[in-house]
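Here are a few exercises to work through with the model open beside you. Try each task before you read its solution.

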Amino acid sequence: MQWYVVASVLTVLTSSQGILTTLSQTNGRYRYDYATVPFLAEAFKLLVSSVFLWRECQSSTPSRMTTEWKSIRLYPIPSIIYLIHNNVQFATLMYVDTSTYQIMGNLKIVTTGILFRLFLRRKLSNLQWMAIVLLAVGTTTSQVKGCGEASCDSLFSSPIQGYMLGILSACLSALAGVYTEYLMKKNNDSFYWQNVQLYTFGAIFNMARLVLDDFRGGFEKGPWWQRLFNGYSTMTWMVVLNLGSTGLLVSWLMKYADNIVKVYSTSMAMLLTMVLSVFLFSFKPTVQLFLGIIICMMSLHMYFVPLSKLVDLPLTVKIAPESVTEVPVDRRTDS
């Protein structure tokens, strides 16, 4: 399967995630425990990967699976990074408003490119670096509201702690993605075996979060496994399946493409979500949204289109054979 097909499907699924989550609300609130959704999504990814791994093991060609502890112990690290990242996100929102937080979130586009170059030793051309910066500018432009609104004034009025935490959040998000790509490509292990290891630890960490929420709440609502499916509707299950499918596609891109493809896919998904919101939720489009879409499309074209199609290279001039003038050569040699 071509990477651009997977990236396109990922864009559609990612853009529909926020819409499905909004539609799963009842009277503006969640009737289910939203913390159970990531856990069930991890369980879904683990189940799908286990089934495909079992089928792969039944084939004539045996699957390569590294079972040494020194290799397996690396797989909890992405979950730990994401756990720290989630806490940093909450801390950031204590100092900045939602609009500023969303705009600062675009820093992960640039930090992903930097860590992609430093840790994975992947060289990017100057034009590709310009495209990555342009993508960050385009997504930021699409999120900026009118300068007559109060949120425009709050963009540069937050405490310094908020900006520092925002930068840290962007670095952690990029680090988790780059490290996951390193794990997926560091050997020739089966793709499904690598997924099983990732999602096993992902499910464990999400389960630990549910247990911690029980202790914080004093078990007022009972243990988490008793309320696991409370308030679930068809739309809620679609949210779980969407989130799980998105994770599987991201793993595929980490294995067979790279982080930059994922960054472009998720950035385009954000723009697609804003466009769909115009029709579904009466979201009022802005000039900034259209400018952001144009800038992001230019960035997409600059990064992925071959250089020969971006620049008009001079044609090689060929001299016709009949235009060549014969010059006599004196073959005498001095004695």
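**Exercise 1: The nonpolar patch**

Helix 12 contributes the most to the nonpolar patch, with 3 residues. This is a predicted model, in which local features need pLDDT of at least 70 and side-chain atom pairs count only at pLDDT 80 or more, while totals for chains, interfaces and linings use all residues. Residues are numbered from 1 along each chain as its sequence is written, and side-chain values use heavy atoms, with hydrogens and water left out.

Task: Find which residues form the nonpolar patch on the surface, and decide whether Phe 279 is buried or exposed.

Solution. 
- Like charges are joined within 9 Å, and nonpolar side chains (Val, Leu, Ile, Met, Phe, Trp, Tyr) within 5 Å.
- The members are Leu 23, Leu 276, Phe 279, Leu 280 and Phe 281, with about 500 Å² of accessible area together (Shrake-Rupley method, 1.4 Å probe; for residues, only the protein chains shown count as cover).
- Phe 279 sits in helix 12. Its relative accessible area is 69%, so Phe 279 is exposed (over 50%; buried is under 20%, partly exposed in between, with a 1.4 Å probe and protein chains only).

**Exercise 2: Aromatic pairs**

Task: How many aromatic pairs are there, and how are the rings of Phe 39 and Trp 224 arranged?

Solution. 
- Rings of Phe, Tyr and Trp (its six-membered ring) pair if their centres lie within 6.5 Å; planes under 30 degrees apart are stacked, over 60 edge-to-face, and the rest tilted. The count comes to 20 aromatic pairs.
- For Phe 39 and Trp 224, the centres are 5.3 Å apart and the planes at 75 degrees, so this pair is edge-to-face.
- Phe 39 belongs to helix 2 and Trp 224 to the loop between helix 10 and helix 11, so the pair ties together parts 185 residues apart in sequence. Both Phe 39 and Trp 224 are buried.
- Now take Tyr 264 and Tyr 303: at 5.4 Å centre to centre and 45 degrees between the planes, they form a tilted pair. Tyr 264 lies in helix 12 and Tyr 303 in helix 13, so parts 39 residues apart in sequence are tied together.

**Exercise 3: The whole chain**

Solution. 
- Count DSSP runs from the N terminus: helices (H or I) need at least four residues, strands (E) at least two.

Note on methods:
Patches are made of residues with over 30% relative accessible area and no salt bridge: like charges are joined within 9 Å, nonpolar side chains (Val, Leu, Ile, Met, Phe, Trp, Tyr) within 5 Å. A salt bridge is a side-chain nitrogen of Lys or Arg within 4 Å of a carboxyl oxygen of Asp or Glu.
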